[in-house]
Amino acid sequence: MSLPDEPFMRRALELAARGLYTTTPNPRVGCVIVRDGKIIAEGWHERAGEPHAEVHALRAAGELARGATAYVTLEPCSHHGRTPPCADALIAAGVARVVAAMQDPNPQVAGNGLARLAAAGIAVESGLLEAEARELNIGFVSRMTRDRPWLRIKTGCSLDGRTALPNGQSQWITSPESRADVQKLRARSCAMLTGIGTVLADDPQLTVRDFAIGRQPLRVVLDSRLRMPPSAKLLQTPGVLVVCAEENAARRTALEAAGAEVMCLPVNGRVDLMALLLELGRRGCNEVTVEAGAELAGAFARAGLVDEWVIYQAPVLIGDPAKGVANLGLASLTEKLCPTRVEKEAVGPDLKWALRFGMEE
C-alpha cells in the first residue's frame, strides 16, 4: 500500500463513524471509491437491515466504478444476511482494487470476502489503519471473537472518589457537560445495565434522550430476588430485561405484566455475570454500558469482565463516609486494577478518564 492510500481510508473511517449510534448489531463501515486519484463516490452503513457501505458507494459511482479502487473499513461480506454479499457487488461493478482496513472477525466472513475478490481477479490489500478500524467496532470484534459484548462501566464521582452521600443522594456530582457526554455512551450502546440497588435508590430511565437514533438500548437490571417494583420508570419504555437468581412466580408475573422480560441465571445465589454477557452476545449486543453502584461495579471488576471504565471526575470534595466507586475487596495493593491504557480529557469543569483493561494487542 502506498502513502496516498491513507487519506482515502481515513475518509472511509470518517464515514463509518456516522453510523456510530445506528448500525447495531452490525458493524460501522464506510467506503469510498477512487478513480484517477479522486473520490468519485462515498457510502456508509446507516442502519441494520439497510444496504451496506459498499452498496451505497457503488450506486453513487455507477459505471465510473469499473476499474476504480474501493477503500472499505471492514472486509466486504461474503455471505447472505439481511442483504446480499458486498463482495459480489464489488465484483459485478468491475472495480480493479479493494483496500480493506481489517479482516472481518465474523466467522462467516473471516477472509472469505477478500478471497472471493482475489479469485475474481481484483487486487486486494488489508491492514491499512487497522487499529482505527478495530477501535470503531470494538464491541463487534468482542462479540465475534469472545462471544460477549464489550463491557464498559460509567462512573461519576468527586475528586476524592465518592459517588453518592451515605443516604444515596448523587444528583448531581458531575457537571451538565459530563451528563451530556454520557448520552453519547448510551447512544452507542446496545444495552444499558444496572443493579436493583440503583433502581430502588434513583429510579432511573437509562434511555437515550439527546440523540434521535430511532431506537433505545436494551435496559438490563440485575435483581437477584426480583425486588424491582412494576412502577419503576425503566418500565415506561419497552425493552427491559430483569435478570434474577431466585425465582418468585408472583413477582415475575407482575414484572412481565408491566412489560419486562424476566430471566433467571443463578450461580451461588447471585446472577451469573459471565452467563449474562454470553446471553447478551447471543442477542446481538456489541457494547454494554454499566451505570451502577459500587457493589455491582466491583462484582464485574472482581470477575475480570471489565473492558473499559469511564470515570467522570468532578473538582469537588464530598468526604467520608460517602460511597466509593467500586467494592473491589482487595486484600493487598498487589491486587489493584491496572489499566493497559489510560486516556483523559476535560469535559466542562470535569475530568473524563477512559481506562482500558480488555482486548489490547
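**Reading cysteines and a cavity**

Modeller: Let's start inside this predicted model: helix α6, residues 138–146, contributes 3 residues to the lining of the largest cavity, the most of any contributor.

Colleague: Happy to start there. How many cavities of 30 Å³ or more does a search of the whole structure find?

Modeller: The search turns up 1 cavity at that cut-off. The space in the largest cavity comes to about 30 Å³.

Colleague: And which residues line the largest cavity?

Modeller: Follow the chain and you meet Asn26, Pro27 and Arg28, then Leu136, Asn137, Ile138, Gly139 and Phe140, and finally Asn286 and Glu287. Sorted by class, that lining holds 4 nonpolar, 4 polar and 2 charged residues.

Colleague: Thanks. Now the cysteines: what is a disulfide, in general?

Modeller: In general, a disulfide is a covalent bond joining the sulfur atoms of two cysteines.

Colleague: How many disulfides does a search of the whole structure find here?

Modeller: The count is 0. Take Cys77: its nearest cysteine sulfur belongs to Cys86, 3.7 Å away, and Cys77 is in no disulfide.

Colleague: Are Cys77 and Cys86 buried or exposed?

Modeller: Buried means under 20% relative accessible area. Cys77 has 8% relative accessibility, so Cys77 counts as buried. Cys86, at 1%, counts as buried too.

Technical notes
Residues are numbered from 1 along each chain as its sequence is written. This is a predicted model: local features need pLDDT of at least 70, side-chain atom pairs count only at pLDDT 80 or more; totals for chains, interfaces and linings use all residues. Side-chain values use heavy atoms; hydrogens and water are left out. A disulfide is a pair of cysteine sulfur atoms within 2.5 Å. Buried means under 20% relative accessible area, exposed over 50%, partly exposed in between (1.4 Å probe, protein chains only). On a 1 Å grid over the protein atoms alone, a cavity is a set of points where a 1.4 Å probe fits but cannot get out, and a pocket is an open set with protein on both sides within 12 Å along at least five of seven lines; lining residues have an atom within 4 Å of a point. Grid points are joined across faces, edges and corners, and a volume is the space filled by probe spheres set on the points. Helices (H or I, at least four residues) and strands (E, at least two) are DSSP runs, numbered from the N terminus. Ala, Val, Leu, Ile, Met, Phe, Trp, Tyr, Cys and Pro count as nonpolar, Asp, Glu, Lys and Arg as charged, and the others, Gly among them, as polar.
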